[in-house]
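Work through the exercises below with the sequence and the 3D structure open. Each task is followed by a solution in steps.

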Amino acid sequence: MRIKFAESHQSSIGIEWELAVVDLVTLEQVPGAEVLLRTVDDASDGPIRREYLQSMIELVTGVHQSIGSAVAELRALLEHSLSVLEPHGLTLLGAGAHPFGDPRAQEPGSKPQYRRVAERNAWWGKRMAINGLHIHTGIDSRDKALPIVDGVARFTPYFIALSASSPSGWARTPSSPHSAP
């Protein structure tokens, strides 16, 4: 199988951050994504978009030449999202999985591909209440891609260990103001 290499400007960066929509007081994961998504121009391909579950959203930056500018855009998207959600008693939680929620209680969105994922994956599809952070980095040459992956792959166990033990949960509650990502 041949995979087309999409050339990018060297060392460019883009960030995708999946977040759970939670009740501001109880921190229970709730199907409140549409509260935010109905306020954006393009909830499918815009910078604030729907995700697999009705209780998730994704923030997506453009392509940046520096980490600082990518983080600044992400921060602005987050602040906008919180400003829309909080008056409705909702906030966002950044964690791999909700710490105490039942993933089976979360419903997939209405997109046909989301329903297919749930149906085809059966047991696992009903438990996919997971969120991630994706950092895309640009590589200017196809010939560099595999050597870079090979070099980074040996550090994968360390990245997993760091992500498993990091306090990535991030929600603003009335008693605890949030900090920047």
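**Exercise 1.** Find the salt bridge that D140 forms, and classify both partners by accessibility.

Step 1. In this predicted model, the side chains of D140 and K144 meet in a salt bridge, with N to O at 2.9 Å. The term requires a side-chain nitrogen of Lys or Arg within 4 Å of a carboxyl oxygen of Asp or Glu.

Step 2. D140 has a relative accessible area of 27% and so is partly exposed; K144, at 34%, is therefore partly exposed as well. The classes are buried under 20% relative accessible area, exposed over 50%, and partly exposed in between (1.4 Å probe, protein chains only).

Step 3. Residues are numbered from 1 along each chain as its sequence is written. Because the model is predicted, local features need pLDDT of at least 70 and side-chain atom pairs count only at pLDDT 80 or more, while totals for chains, interfaces and linings use all residues; side-chain values use heavy atoms, leaving out hydrogens and water.

**Exercise 2.** How many salt bridges does a search of the whole structure find?

Step 1. The search of the whole structure finds three.

Step 2. One of them joins E34 to R50, with the closest N and O atoms 2.6 Å apart. This pair links distant parts of the chain, 16 residues apart: E34 is in helix 1 (residues 33–37) and R50 in strand 2. Helices (H or I, at least four residues) and strands (E, at least two) are DSSP runs, numbered from the N terminus. E34 has 38% relative accessibility, so E34 counts as partly exposed.

Step 3. R104 and D102 form a salt bridge too, their closest N and O atoms being 3.1 Å apart. D102 counts as partly exposed because its relative accessibility is 35%.

**Exercise 3.** Describe the surroundings of R49.

Step 1. R49 lies in strand 2 (residues 48–50). R49 is buried yet has no salt bridge, and the nearest side chain of opposite charge, E58, is 4.6 Å away. For charge, Lys and Arg count as positive and Asp and Glu as negative; His and the chain ends are not counted.

Step 2. The R49 side chain reaches the backbone oxygen of G46 at 2.7 Å.

Step 3. Not counting residues up to four places away in sequence, R49 touches L37, A43, S44, I57, E58 and V60. Contact here means heavy atoms within 4.5 Å.

Technical notes. Polar contact = N/O pair within 3.5 Å; in protein donor to acceptor, adjacent residues only side chain to side chain.
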